[in-house]
Amino acid sequence: MRRHITNLSRIITQNSCTKALPLTRYLSTQEAIDRRYHLFTLEKKRQIENVGRIEKIEVQYKGVPNDCTLVMNKEISTPYDCARHLSEWHMESTALALVDGTVYWDMHRPLTENCTLEFQNFTVAEPHQVNKAFWRTCSFMLGACATVAFKDTVPVKLHSFPGPDIRSGSFIYDIDLPSLPDWTPSRQELVTLTAEYLKLTRENHPLERLEVSEDLALEMFVDNEHKTRQIPSIARNNGKVTLYRAGKHVDISKGPMISTTGQIGRLSLASVHKVNGSQDTDVKQLYRFQGVALPTGVMMNHFAFSILVDRARKLNNARSPIKASEETESIAAQA
């Protein structure tokens, strides 16, 4: 990254009497990743500490092996913690939680009140919401893959990804590579990107959700002008921005997402297409990274999966985020 940034300590030491001085250098891509990760960790710790006196809630679990009542900690315990009380199978197979029969809830998001709880895996009778969460997570991890796959001399500026549309045939992420204006990835480069993606998923990181203030979100993404343009629109309703973290990768998304990256199984990064903007937009060109994946445990023969990959190679016709500013805001909010 080559944008001038403010000192990390402006947020970390905001309650200190020592004034933070501006940095006089630029962050590398890896430094920007580490910085966001550190700020996310500090804010999560602060929010947990602000819970104060621990209160108990009753969670009415419905499902196999039998219905039961779990006594958990309000604003601390998560559906994943509830799964720990049941079995290892529940922990590994559950992708989403269904709270009070209507609200789809992240497995690692703390529960806030008495509720009923059901677990959703990839074989439920109505898999639409689980599939959307899976597709959304795949796009999120595609951004993570792109940020670590290129050399540090190649700036990678994540732009946005649209809401999941399984019918499109591919999950996508639109990315700005300003130093590569005419890049056409070779087949070997796509294979390498796929291998890097697989490496990240096999680390089996939980998808952690955190709501932060607009100011903190702007501070976390100060190195990325695309994100800083989108954040005020996202925070317009309640002043909050929802972030997700997997390993060291932090990005913006409304969620929900699946439980862990290890639930992403067979995959292929199928293609990268240029997406051109109009003369009136600040960003003239993005690269649309496209892939296809199956959940862990879902088996498919090589020929059938190759058909999915061939379809995923075609340009995904989801709206371009750089056609007009209002579309950019809408896409960022939907993701």
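In what order do the five strands of the open sheet lie? The order is 2-1-5-3-4, and the pairing is mixed. Strand 2 (68–73) and strand 4 (103–105) are the edge strands, and each pairs on one side only. From one strand to the next, the twist averages 35 degrees.

This is a predicted model, in which local features need pLDDT of at least 70, side-chain atom pairs count only at pLDDT 80 or more, and totals for chains, interfaces and linings use all residues. Residues are numbered from 1 along each chain as its sequence is written, and side-chain values use heavy atoms, with hydrogens and water left out.

Helices (H or I, at least four residues) and strands (E, at least two) are DSSP runs, numbered from the N terminus. Two strands pair if DSSP finds at least two bridges between them.

Strand 3 (residues 96–99) pairs with strand 5 (residues 115–120) in the antiparallel sense, over four bridges. L98 stands opposite E118 in strand 5.

**Salt bridges**

The structure holds 16 salt bridges. Each is a side-chain nitrogen of Lys or Arg within 4 Å of a carboxyl oxygen of Asp or Glu. Three of them are listed here.

| Pair | N to O distance |
|---|---|
| R35 and E219 | 2.6 Å |
| R36 and D223 | 2.9 Å |
| K227 and D251 | 2.9 Å |

R35 sits in helix 2 (residues 29–49) and E219 in helix 7 (residues 214–220), 184 residues apart. Both R35 and E219 are buried, where buried means under 20% relative accessible area, exposed over 50%, and partly exposed in between (1.4 Å probe, protein chains only).

R36 lies in helix 2 and D223 in the loop between helix 7 and helix 8, so this pair ties together parts 187 residues apart in sequence. R36 and D223 are buried.

K227 belongs to helix 8 and D251 to strand 10 (residues 249–252), so their pair ties together parts 24 residues apart in sequence. K227 and D251 are both buried. Salt bridges that share partners also join K44, E208 and R245 into one network.

**Helix 8**

How many residues of helix 8 (residues 225–234) are buried? Seven of its 10 residues are, so described as mostly covered. They are E225, H226, K227, Q230, I231, S233 and I234. N224 caps the N-terminal end of helix 8, with a side-chain oxygen 2.9 Å from the backbone nitrogen of H226.

How values were computed: Axes fitted to C-alpha atoms, helices over the stretch in contact; angles between N-to-C directions. Polar contact = N/O pair within 3.5 Å; in protein donor to acceptor, adjacent residues only side chain to side chain.
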